[in-house]
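I opened this entry to record what I looked up on one helix and on the aromatic rings. The notes follow the order in which I consulted the structure.

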Amino acid sequence: MTTKAAAVHAFLAGFGIPAYAAASVPDDASEPYLTYSLPVGAWGDAEMAMEVNLWYYGDGEVAPNAKVQEISDAVGLGGVLLPCDGGAVWVKRGSPFAQSVTDGTTDDKIKRRYINLDLEYITTS
């Protein structure tokens with residue numbers, strides 16, 4: 001079976017680059033990759049915001065912007081249902097969906113996109 005966390009991880013890892021829980025990024029990770037902070041809930045809980053960060057390294061904006069578009073297309077306007085044990089996780093667009101931000105260093109080659117997703121847990125536990 002698939003846990004809620006595993007379903008969300010598999011979705012985020014499905015974009016051709018590694019995906020890591022924000023607290024579990026390997027020391028040897030190299031861009032591009034995604035990091036995420038997963039809130040967990042169940043049926044009856046309010047929608048929960050999930051932060052996803054997309055990390056690239058380089059001079060241009062084309063590759064990170066294209067990856068944001070790929071994620072946007074996958075989520076769509078109505079969201080996407082991820083089957084899991086006891087039901088599904090409904091992943092929806094947050095607002096704003098994505099924005100370009102700096103990483104707080106002086107290295108202008110680090111390209112970061114902050115993506116907002118809302119999760120609704122349609123699960124029994």
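Which residues on the other side of α2 are exposed? I found V62 and D73 exposed there. I note that the model is a predicted one.

**Helix α2**

I next listed the buried residues of α2, which are P64, K67, V68, I71, S72 and V75. Viewed down the helix axis, these buried residues fall within an arc of 140°, so they line one face of α2. I recalled the general rule that an α-helix has 3.6 residues a turn, so residues three or four places apart point the same way.

I then looked up what the buried residues of α2 pack against: the helix α1 (4-12) and the strands β2 (33-37), β3 (48-57), β4 (80-84), β5 (87-101) and β6 (110-123).

I also checked the length of α2, which comprises residues 62-75. Its 14 residues, at 1.5 Å a residue, should span 20 Å, and I found the end C-alpha atoms 20 Å apart, which agrees. After α2 comes G76, for which I recorded a positive phi, near 70°.

**Aromatic rings**

I counted three aromatic pairs in the structure. F11 and F15 form an edge-to-face pair, with 5.3 Å from centre to centre and 85° between the planes. I found both F11 and F15 to be buried. Elsewhere I noted a cluster in which ring pairs link Y20, Y33 and W55.

**Charges over rings**

I looked up two further contacts with rings. K92 lies over the face of W90, 3.7 Å from the ring centre. R93 lies over the face of F97, 4.3 Å from the ring centre.

Notes:
Residues are numbered from 1 along each chain as its sequence is written. This is a predicted model: local features need pLDDT of at least 70, side-chain atom pairs count only at pLDDT 80 or more; totals for chains, interfaces and linings use all residues. Side-chain values use heavy atoms; hydrogens and water are left out. Rings of Phe, Tyr and Trp (its six-membered ring) pair if their centres lie within 6.5 Å; planes under 30 degrees apart count as stacked, over 60 as edge-to-face and the rest as tilted. Buried means under 20% relative accessible area, exposed over 50%, partly exposed in between (1.4 Å probe, protein chains only). A charge sits over a ring if NZ of Lys or CZ of Arg is within 6 Å of the ring centre and within 35 degrees of the ring normal. Helices (H or I, at least four residues) and strands (E, at least two) are DSSP runs, numbered from the N terminus. The expected span of a helix is 1.5 Å times one less than its number of residues. The arc is that of the directions from the helix axis to the C-beta atoms. Contact means heavy atoms within 4.5 Å.
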